[in-house]
Amino acid sequence: MKGLIVVLALVLAAALGSARGERELRRLRDQAPPGSRPHSVTITEFGAVGDGKTLNTVPFQNAVFYVRSFADKGGAQLYVPKGRWLTGSFNLTSHLTLYLEKGAVIIGSKESSQWPIVEPLPSYGQGLDLPGPRHRSLINGYNLTDVVITGNNGVIDGQGSVWWQWLRSHELNHSRPHLVEFLHSEEIVISNLTFLNSPAWSIHPVYCRCNAINLAFCISNVKVHNVTIETSLDAPRTDGIVPDSCSNLCIEDSTVSVSHDAISLKSGWDKYGISFGRPTSDIHINRVNLLSSSGAALAFGSEMSGGISDIHVSHLRIRDSYKGISFKTSPGRGGYIKQVAISDVQMKDVHVGIEFTGNCSSHPDDSFDPSQLPVINQITLKNLVGTNISVAGVLAGIDDAPFTAICLSNLNFSMAADSASWSCSKVAGYSEMVFPEPCTELRDPSSSSSICFSLSRYSAIAIA
């Protein structure tokens, strides 16, 4: 039924013209229940035991292998009932819905042997923590289409504390795994679940790009909505949602509380990201609650060598975080961060409200080229309100590559006692209605709002 609806939408789009057709496609897709399938199996049919002790890696692998037979019949649902389902890493397949019932908890094994070793991502050249290969994520998808991970607020728990301890004690042999990772995939939905204690990142879509001939039909290639992500606030470098060299991705109506960056947009690391050349673009983030104890609630980079552009963020609530919004890069990165519009943000109890830095000095190896300078341009932040902010903003560009067209509009930060306001160097931009008054680099009388990436311009395009 879902396939028929999409086919009808395509026909209508061609018949009605691109603008009306796109609106009709949205309407018809909304009518199709997400992940609805004509066939269903239960994990217990494959010998799984939900006692929190029995290892269920093979049952999950066998169940996914079985539902492949329904790929040309509308796909299938793999149902996980109430229980604690201990497992190692397993792969998904196309046209699959993984559904976790209320009270269902998929638990990642504490045995590193249950997380196989795979090659590093080509845009990074090494793993997150160490040179060489990395551990495969708990739930994986490679070159897949039409996959849904959802439920009735079920839980996926990575039991990451053992990995954090191995990292701290230098006992890791390979880089830590993530909870969920999709590579080279499209039509992915992740919703209505709680993700706990990832060894590293919780949700990592990478190289997920729309392959439609007509890009007008790429409404949301990857969608993450109504999820809760939590890790211990003293865990080392645990990020929440990390869109990485992806396009047409939407994150909305979610809550992320982690130790490092809550949402972090990336696109590869130094020469590996430059040569791979896959940007992150057309990303929409709306109505999310974010907390980052030691990183940034919303981060761009620092691994951004493939480029990041056309990013639209609105209605963020940020609290109890070290940094609110951070743009990070370094000489050697190359690439760009440009055409970013962020609006309607509420911050409370944040140490640094806004950060731009060109001094993230980590590199995958010593062969990086410091002459590969990044471009940071056309970043607009509008309608920001902050309470108990220690530092309004720290903006530091790069020699010979200043950050330009940084625009602040209608920003009001209530500062904490004994706090600083702004610190700026090697940046240029425009500001209006900003308190406390920003640094002179953002108040150049020769600048005007015409240099800014405009939210109003984007809104006009979106409804055309």
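Q: What makes E22 and E23 count as paired strands in this predicted model?
A: Strands pair if DSSP finds at least two bridges between them. Strand E22 (residues 336-357) and strand E23 (residues 375-396) are joined by 17 bridges. They therefore qualify as a pair. The two run parallel. Within this pairing, Phe356 stands opposite Leu395 in E23.

Q: How do you know that E23 also pairs with E24?
A: The same test applies: at least two bridges. E23 and strand E24 (residues 403-425) share 15 bridges, so they pair. The sense is parallel. Val394 stands opposite Ser423 in E24.

Q: What makes E10 and E13 a pair?
A: Four bridges link strand E10 (residues 139-142) to strand E13 (residues 180-183). The requirement is at least two, so the pair stands. Its sense is parallel. Ile139 stands opposite Val180 in E13.

Q: Why are E5 and E15 called edge strands?
A: The open sheet of four strands has the order E5-E10-E13-E15, with parallel pairing. Strand E5 (90-91) and strand E15 (203-206) each pair on one side only. That makes them its edges.

Q: What share of the residues counts as buried, and on what cut-off?
A: Buried means under 20% relative accessible area. Of the 464 residues of the chain, 55% count as buried.

Q: Of contacts between residues at least 6 apart in sequence, what share joins residues at least 24 apart?
A: The share is 77%. A contact here means heavy atoms within 4.5 Å.

Conventions:
Residues numbered from 1 in each chain as written. Predicted model: local features only at pLDDT ≥ 70, side-chain atom pairs only at ≥ 80, totals over all residues. Heavy atoms only, no water. Buried < 20%, exposed > 50% of the residue type's maximum accessible area, 1.4 Å probe, protein only.
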